[in-house]
Amino acid sequence: MNPKMLPTKRVLTLECAREIAEAALAAALGKGLDTLSIAVSDDGGRLMFFLRQDGAEAATVDIATAKAHTAAIFKKPGKHFKEMLLEGKYWVLGMPNLTPVEGGQPIVGDGKTIGGIGIAGATGALDTEIGSAGLAVLS
């Protein structure tokens, strides 16, 4: 096989995952929040980097990780699936590995999903806002 036939794939590095998470943490601290968990996953939804604030409930660990996983493998924010449920499209609940709540967003590089970020511990809208602050480091 000719190696030139193989595509080049952009991947999320540990350094980049850490920068995204730390930027999200800084945004949370700027808003006076101390109850969040922040998960960053690769494009397969597998955890790469994680931060948990001292005041975060134990449940936020799994929720943030599930939000990042959903965003990465479905290449859409969790809010998209939440809105589908609100429209009465309940088939969403049958999708494996899907967490249809707000606060998870895909991480995109060169137009391709290379990972996901999930924030848990505040409201869905605030989780999304904090995640967006983390993603801003890619701009």
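These legends describe close-up views of a predicted model.

**View 1. The largest pocket and its lining.**
The largest pocket has a volume of about 180 Å³. Its lining includes T8, K9 and R10. D43, A72 and K75 also line this pocket. Strand β4, residues 112–120, gives the most to the lining, with three residues.

**View 2. The salt bridge between D110 and R10.**
Side chains of opposite charge can pair when their charged atoms come close. D110 and R10 form a salt bridge, with their closest N and O atoms 2.6 Å apart. D110 lies in the loop between β3 (104–109) and β4, while R10 lies in the segment before α1, so the pair ties together parts 100 residues apart in sequence. D110 is exposed, at 62% relative accessibility. R10 is partly exposed, at 49%.

**View 3. The salt bridge between D127 and K67.**
In this pair, the closest N and O atoms of D127 and K67 are 2.9 Å apart. The bridge joins two helices: D127 sits in α4 (residues 124–135) and K67 in α2 (residues 59–74), so parts 60 residues apart in sequence are tied together. Are these two residues buried or exposed? D127 is buried, because its relative accessible area is 2% and the cut-off for buried is under 20%. K67 is buried too, with a relative accessible area of 6%.

**View 4. The salt bridge between E102 and K82.**
E102 pairs with K82, and their closest N and O atoms are 3.2 Å apart. E102 lies in the loop between α3 (78–86) and β3, and K82 in helix α3 itself, so the bridge ties together parts 20 residues apart in sequence. E102 counts as buried, at 11% relative accessibility. K82 is partly exposed, with a relative accessible area of 31%. How many salt bridges does the model hold? The count comes to seven.

Which residue in the loop between α2 and α3 is shown here? The residue is K75. K75 has a positive phi of about 60°, although it is not a glycine. K75 is exposed, with a relative accessible area of 55%. D110 is not a glycine either, and its phi is positive, at about 55°. D110 is found in the loop between β3 and β4.

**View 5. A nonpolar patch on the surface.**
Three residues form this patch: M1, M5 and L6. Together they have about 410 Å² of accessible area. M5 lies in the segment before α1, the helix of residues 14–30. M5 counts as exposed because its relative accessibility is 59%, and the cut-off for exposed is over 50%.

**View 6. G32 and I114.**
G32 has its place in the loop between α1 and β1 (37–42). G32 counts as exposed, at 61% relative accessibility. How far apart are the C-alpha atoms of G32 and I114, and what is their separation along the chain? The C-alpha atoms are separated by 30 Å, and the residues are 82 apart along the chain.

How values were computed: Residues numbered from 1 in each chain as written. Predicted model: local features only at pLDDT ≥ 70, side-chain atom pairs only at ≥ 80, totals over all residues. Heavy atoms only, no water. 1 Å grid on protein atoms, 1.4 Å probe; cavity = no way out; pocket = protein on both sides within 12 Å on 5 of 7 lines; lining within 4 Å. Points joined across faces, edges and corners; volume = space filled by probe spheres on them. Helix = DSSP H or I, 4+ residues; strand = E, 2+ residues; numbered from the N terminus. Patch = residues over 30% accessible without salt bridge, like charges linked within 9 Å, V, L, I, M, F, W, Y side chains within 5 Å. Areas by Shrake-Rupley, 256 points an atom, 1.4 Å probe, with all protein chains shown as cover. Salt bridge = Lys/Arg side-chain N within 4 Å of Asp/Glu carboxyl O. Buried < 20%, exposed > 50% of the residue type's maximum accessible area, 1.4 Å probe, protein only.
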